[in-house]
Amino acid sequence: MAAEATAHHSNAKKIWKVFFILSAITIVEVALGIFKPESLHHVHIFGLSLLNYIFIVLTIWKAYYIMWSFMHLEQEKTAFRWTVAGVLSFLCVYLITLVLIEGNYVYEVFQHAQYKWIF
C-alpha cells in the first residue's frame with residue numbers, strides 16, 4: 001500500500017495530448033487571423049464580424065480545456081464542473097461583451113463626434 005502511494009505516475013502522455021490540442025486550436029486561430037476569409041470577415045452579426053465570434057469561442061474553449069486538464073476538473077463530479085466552468089464562462093462572455101460595447105462606443109466617438117479631445 002505504501003508502495004502504491006509513493007509510486008510515480010507519469011502524466012507525459014496527457015501533457016502531450018493537451019499540448020497538441022491547444023496547439024491545433026492556436027494554429028487555426030493564427031491561420032484565420034492571417035488569411036481572414038472574406039466569407040467570415042465581412043459577415044456581421046450584432047455589429048461584430050463572424051470571424052471575431054469564432055475567435056471568442058475558440059478562446060473560451062481553450063480556457064475551458066486548460067481548466068479541464070490542469071485544474072483537474074475532469075476528475076470532479078459533473079455538478080461541480082459546471083459550477084466552476086459555467087460561472088467562469090459566463091464572466092468571460094460578460095467581460096468580452098462589455099469590452100466590445102465600450103470599444104465600439106469609443107470608435108464611434110472618434111469617428112463622428114466633435115469632442116475627440118475628451119478621450
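At what angle do helix α4 and helix α5 pack, and how far apart are their axes? I shall open with that pair, after a brief word on the model.

What we have is a predicted model, in which local features need pLDDT of at least 70, side-chain atom pairs count only at pLDDT 80 or more, and totals for chains, interfaces and linings use all residues. Residues are numbered from 1 along each chain as its sequence is written, and side-chain values use heavy atoms, with hydrogens and water left out.

To the question, then. Helix α4, residues 50-70, packs against helix α5, residues 78-112, at an angle of about 150°, and the two axes lie 11 Å apart. Axes here are lines fitted to C-alpha atoms, for helices over the stretch in contact, and angles run from 0 to 180 degrees between N-to-C directions. Helices (H or I, at least four residues) and strands (E, at least two) are DSSP runs, numbered from the N terminus. The two helices are therefore roughly antiparallel to each other; angles under 35 degrees count as roughly parallel, over 145 as roughly antiparallel, 65 to 115 as roughly perpendicular and the rest as oblique. The contact of α4 with α5 comprises, by class, 11 nonpolar residues, one polar and one charged. For those classes, Ala, Val, Leu, Ile, Met, Phe, Trp, Tyr, Cys and Pro count as nonpolar, Asp, Glu, Lys and Arg as charged, and the others, Gly among them, as polar. On the α4 side the residues are I56, I60, Y64, M67 and W68, and they meet R81, A85, L88, S89, C92, V93, I96 and L100 of α5. Contact means heavy atoms within 4.5 Å.

I turn next to α2 and α4. Their axes come within 11 Å and cross at roughly 170°, and α2 and α4 are therefore roughly antiparallel to each other. The residues of this contact divide into 14 nonpolar, four polar and four charged.

Buried means under 20% relative accessible area, exposed over 50%, and partly exposed in between, with a 1.4 Å probe and protein chains only. Leaving aside neighbours within four places in sequence, S69 is in contact with K14, V18 and E74.

Not counting residues up to four places away in sequence, S49 touches L40, H41, V43 and H44.

Now to the loops, and to backbone geometry. Most residues other than glycine have a negative phi, and most peptide bonds are trans. K36, although not a glycine, has a positive phi of about 40°. K36 is found in the loop between α2 (12-35) and α3 (38-41), and at 42% relative accessibility it counts as partly exposed. H72 is likewise not a glycine and has a positive phi, of about 60°. Its place is the loop between α4 and α5, and at 41% relative accessibility H72 counts as partly exposed.

Another histidine, H8, sits in the loop between α1 (2-6) and α2. H8 is exposed, at a relative accessible area of 74%. H8 and Q75 are 67 residues apart in sequence and 19 Å apart in space, C-alpha to C-alpha. In helix α5 we find Y105, partly exposed at 47% relative accessibility. Between Y105 and V30 there are 75 residues in sequence and 27 Å in space, C-alpha to C-alpha.

Finally, the protein as a whole. How many helices and strands does the protein have? There are five helices and two strands, following the pattern α-α-α-β-β-α-α along the sequence. The radius of gyration is 21 Å, whereas a compact globule of 119 residues would have one near 14 Å; the radius is taken over C-alpha atoms, and the globule rule is 2.2 Å times the number of residues to the power 0.38. Along the principal axes, the C-alpha atoms fill a box of roughly 75 × 30 × 25 Å. Buried residues make up 16% of the 119 residues. Of the contacts with a separation of 6 or more, 44% are between residues 24 or more positions apart.
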